[in-house]
Amino acid sequence: MDGVQLGARFSIATNRLQYCGPADAEPLLYAAIARGERLEEARRALARFEALMPYLEAIGRKHGLDPFDRSVVEAYWIGNALLDPFERSDFLALLEALIRRGLPRSVAHRLAENLPDRPIPHHVFHVAFVGVGAVTGHVPTTLPNMESCRPSWGRVNGVTAEALTVEAPELRAAGETLRMGPSREVRLPHDPKVLPGVAVGDTVAFHWGCAALALDGPQTQALHRYTERSLEAANQVLPRLHVLG
């Protein structure tokens with residue numbers, strides 16, 4: 001699986017919902033995921049996802065890597081060591097790139113004034129700090145949408161041809177901060193062409209109610225760890241931003 005295919009797995013759900021990316025991207029992303037086809041077209045489509053590309057470009061630039069290198073895409077959606085050297089100056093430059101993609105300058109200015117000490121270019125930090133739909137304006141930043149938009153993980157408890165039953169921790173608000181709460185059962189649509197061979201006991205990642213990827217042990221640990229780090233960073237400033245108030 002290359003970086004385009006990995007990115008397509010996490011991006012196809014928001015495109016189906018018409019929240020992100022070009023209107024004609026879904027069949028290209030599905031072909032990349034299910035059949036390993038039309039990869040160059042899928043790459044060009046992903047490059048038009050409004051909030052995605054500034055992050056991939058920022059991570060790639062920091063390490064001299066192509067934005068669709070698998071390690072770069074994995075860093076943004078799951079988490080890995082490429083995120084660790086990121087500094088406040090890097091994130092300020094990223095905010096400027098998000099402005100060019102649609103983030104209102106007034107919002108970016110407010111975020112820049114309240115930037116935490118260790119911002120992290122992970123999708124969970126984007127969800128918690130920048131905000132769901134802040135770049136496109138297609139969806140409001142609410143706690144339920146934050147829960148849907150973050151890359152989640154869960155243990156598969158049941159598999160049918162149509163659905164997966166997954167036990168997964170839930171994002172909760174604690175006053176004006178965010179934390180991971182207890183697990184609850186989630187039912188996800190199952191496409192065997194996307195997750196062939198998934199079985200009870202596996203751990204899967206999902207995004208906007210769409211099962212995206214079967215995670216191995218190190219990936220599961222990384223997604224958990226970088227989720228916690230993202231929330232810790234965002235929580236430094238969320239009370240000042242009053243996002244949850």
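Reader: Which residues of α8 are buried?

Author: In this predicted model, the buried residues of α8 are His 123, Val 124, Phe 125, His 126, Val 127, Ala 128, Phe 129, Val 130 and Gly 131. Since buried here means under 20% relative accessible area, the count can be read for the helix as a unit: 9 of the 9 residues of α8 are buried, so α8 is largely enclosed by the rest of the structure. Just after α8, Gly 133 takes a positive phi of about 75°.

Reader: How many cavities does a search of the whole structure find, and which element gives the most to the lining of the largest cavity?

Author: The search finds 2 cavities of 30 Å³ or more, and about 240 Å³ of space lies in the largest cavity. Its lining is made of 21 residues, and those nearest the centre are Thr 14, Cys 20, Ala 51, His 123 and Cys 149. Two or more lining residues come from each of α1 (3-16), α5 (70-77) and α8 (123-131), with α8 giving the most, 3 residues. By class, this lining holds 13 nonpolar and 8 polar residues, and no charged residues.

Reader: What is the volume of the second largest cavity, and which residues line it?

Author: The second largest cavity has a volume of about 30 Å³, and it is lined by Val 124, Val 127, Ala 128, Arg 150, Leu 171, Leu 178, Met 180, Thr 227 and Leu 231. The elements that give two or more residues to this lining are α8, β3 (177-189) and α10 (217-235), and here too α8 gives the most, with 3 residues. The lining of the second largest cavity divides into 7 nonpolar, 1 polar and 1 charged.

Reader: Which residues have the most contacts inside the largest nonpolar core?

Author: In soluble globular proteins, nonpolar side chains tend to be buried together. Here the largest nonpolar core has 86 residues, and those with the most contacts inside it are Phe 91, Leu 98, Leu 103, Phe 129 and Val 130. Leaving aside neighbours within four places in sequence, Phe 91 is in contact with residues including Tyr 55, Phe 125, Phe 129 and Val 130.

Reader: How many aromatic pairs are there, and how are the rings of Phe 10 and Trp 77 arranged, stacked or edge-to-face?

Author: The structure has 8 aromatic pairs. The rings of Phe 10 and Trp 77 have centres 5.0 Å apart and planes at 10°, so this pair is stacked. Because Phe 10 lies in helix α1 and Trp 77 in helix α5, the pair ties together parts that are 67 residues apart in sequence, and both residues are buried. For Tyr 55 and Phe 91, the ring centres are 6.2 Å apart and the planes are at 65°, so that pair is edge-to-face. It links distant parts of the chain, with Tyr 55 in helix α4 (residues 52-63) and Phe 91 in helix α6 (residues 88-101), 36 residues apart. Tyr 55 and Phe 91 are buried as well.

Reader: Which residues do the ring pairs link into a cluster?

Author: The cluster is made of Phe 10, Tyr 55, Tyr 76, Trp 77, Phe 91, Phe 125 and Phe 129.

Conventions
Residues numbered from 1 in each chain as written. Predicted model: local features only at pLDDT ≥ 70, side-chain atom pairs only at ≥ 80, totals over all residues. Heavy atoms only, no water. 1 Å grid on protein atoms, 1.4 Å probe; cavity = no way out; pocket = protein on both sides within 12 Å on 5 of 7 lines; lining within 4 Å. Points joined across faces, edges and corners; volume = space filled by probe spheres on them. Helix = DSSP H or I, 4+ residues; strand = E, 2+ residues; numbered from the N terminus. Nonpolar A, V, L, I, M, F, W, Y, C, P; charged D, E, K, R; others polar. Buried < 20%, exposed > 50% of the residue type's maximum accessible area, 1.4 Å probe, protein only. Core = buried A, V, L, I, M, F, W, Y, C linked by side-chain atoms within 4.5 Å. Contact = heavy atoms within 4.5 Å. Phe/Tyr/Trp six-rings, centres within 6.5 Å; stacked < 30°, edge-to-face > 60°.
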